[in-house]
Amino acid sequence: MTEATKKRILTGITTSGIPHLGNYVGAIRPAIQSVQNNDDDAFFFLADLHALIKCQDADAVHASTKAITATWLACGLDPERVTFYRQSDVVEIPELAWVLNCNCAKGLMNRAHAYKAQVDINTATPDTDPDFGISMGLFSYPVLMAADILMFNATHVPVGKDQIQHIEMARDIAGTFNFKYSKENPMFVLPEAMVDEDTPLLTGLDGRKMSKSYGNTIPLFGDDPQVDGEKALKKAIARIVTNSQLPEEPKNPDESTIFEIYKAFATPAELEQMRQRFATGIGWGEAKDILFDKINGEIAPFRERYNHLMANPKEMEEILQMGAEKARRESRKRMEKVRKAVGIKPLAKLKK
Ligand code: TRP
């Protein structure tokens, strides 16, 4: 492939929350494997400016940025191979977001799912303003996301289904800009969403989808630095809700959270074996032990590196600064072109 047609993958991770097992199997593991298995150009970044929309607790945003950085590096992200940076370090991103805001119809943003969902809740609540609790950040969230993507002319954006609309909006915004300002030589590439149907959606402790908002997650490396991560994992698995069937009773694996999570870690042969054990009778305690060993076997080496990084934030800061420098080599140039295209440029050249 030539440079011009090479795939460029870009994705952002919002820094609100501490990574859990669902994030690991649904996003972290597949993203790192995909980078290891092909030579696509890859940009991964910590979306800390996006985090401010959901989370206005300064300590929580900072702690999350630290834990997410440590998690991705510990799980094998190679910062030499991937451009890995913090969104807020690339100061051209919010600048581009402003230019795009000025060229994006408000009506387009009115249709954004996240915003509409909040308006619907407010409308259904008596005596409540339709815009109650909605910040300008939430309203223009897709524009900032478009700036993230268009800044680097990403061709492919791996996202969950809930984000597809945002990628479509980024295409829309890119098209409008190209049409208005850069017809001959389009400024922006129209990005495509990449949705992987095979990545597992994990079930949480209570049987619903594993999600921070349900408080039913299994922490990946533990979310309390005072508590040993392995013990925290064991404790969380012990809390998985099961029914009251006795050990010798045959059990339906397809109704079991333990089996569901095991599936995301086991080989096909191991899975088949577990299916048989369910059919012939297995105690819930034993099933949980097997699940714990399987998960721990995969993540224990990563946990060691995670603990090391968490204790040595300087190492991570250096990596992020290096990533920001790499990213800014492009973003400075792109922003210079954008400024010129919209009419923001020096009145005359000054002799030095
Ligand atoms: N909004 C995305 C999410 O919540 C995170 C994100 C921010 C992102 N900017 C992005 C994802 C750019 C892909 C590309 O999951």
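How much accessible surface does the protein have, and what share belongs to carbon and sulfur atoms? The accessible surface comes to about 19,000 Å², and 53% of it belongs to carbon and sulfur atoms. Such areas come from the Shrake-Rupley method with a 1.4 Å probe; for residues, only the protein chains shown count as cover.

The model is predicted: local features need pLDDT of at least 70, side-chain atom pairs count only at pLDDT 80 or more, and totals for chains, interfaces and linings use all residues. Residues are numbered from 1 along each chain as its sequence is written, and side-chain values use heavy atoms, with hydrogens and water left out.

Start with the whole. The C-alpha trace spans about 85 × 55 × 40 Å along its principal axes. The protein has 14 helices and five strands. Both are DSSP runs, numbered from the N terminus: helices are H or I with at least four residues, strands are E with at least two. Of the 352 residues, 45% are buried. Buried means under 20% relative accessible area, exposed means over 50%, and partly exposed lies in between (1.4 Å probe, protein chains only). Among contacts with a separation of 6 or more, 78% join residues 24 or more positions apart. A contact here means heavy atoms within 4.5 Å.

Next, the domains. Domain 1 takes in 8-104 + 140-203 + 313-342, and domain 2 covers 221-307. These bounds come from an automatic or database domain assignment. The C-alpha centres of domain 1 and domain 2 lie 33 Å apart. Where the two meet, 16 residues of domain 1 contact 14 residues of domain 2.

Now turn to the strands. Two strands pair if DSSP finds at least two bridges between them. Strand S1 (residues 8-14) and S2 run parallel, joined by seven bridges. Ile-9 stands opposite Ala-42 in S2. Strand S2 (residues 41-47) also runs parallel to S3, with four bridges between them. Here Phe-45 stands opposite Tyr-85 in S3.

How many of the seven residues of S2 are buried? Six are, so the strand is mostly covered. Strand S3 (residues 83-86) is covered on both faces. Thr-83 and Tyr-85 are buried on one side, and Phe-84 and Arg-86 are buried on the other.

Helix H2 (residues 48-54) holds Leu-52. With 46% relative accessibility, Leu-52 counts as partly exposed. Its C-alpha atom is separated by 9.2 Å from that of Thr-14, 38 residues away along the chain.

Aromatic rings come next. Rings of Phe, Tyr and Trp (its six-membered ring) pair if their centres lie within 6.5 Å; planes under 30 degrees apart count as stacked, over 60 as edge-to-face and the rest as tilted. By this rule there are twelve aromatic pairs. One of them joins Phe-259 and Phe-278, edge-to-face, at 5.5 Å centre to centre with 70 degrees between the planes. Phe-259 lies in helix H11 (residues 257-263) and Phe-278 in helix H12 (residues 268-280), so the pair ties together parts 19 residues apart in sequence. Phe-259 and Phe-278 are both buried. Elsewhere, Phe-43, Phe-45, Tyr-85 and Phe-152 form one aromatic cluster.

Some rings have a charge over them. The rule asks for NZ of Lys or CZ of Arg within 6 Å of the ring centre and within 35 degrees of the ring normal. Arg-29 lies over the face of Phe-265, at 5.2 Å from the ring centre. Lys-234 lies over the face of Phe-292, at 4.5 Å from the ring centre.

Is Arg-303 buried or exposed? Arg-303 counts as buried because its relative accessibility is 6%. This residue is found in helix H13 (residues 284-311). Leaving aside residues up to four places away in sequence, Arg-303 touches Phe-221, Gly-229, Glu-230, Leu-233 and Asn-296.

Finish in the loops. Asp-127 sits between helix H6 (113-124) and helix H7 (136-139). Its phi is near 55 degrees, a positive value in a residue other than glycine. At 85% relative accessibility, Asp-127 counts as exposed. Asn-153 lies in the loop between helix H8 (141-151) and strand S4 (156-158). Phi of Asn-153 is near 50 degrees, also a positive value in a residue other than glycine. Asn-153 is buried, with a relative accessible area of 17%.
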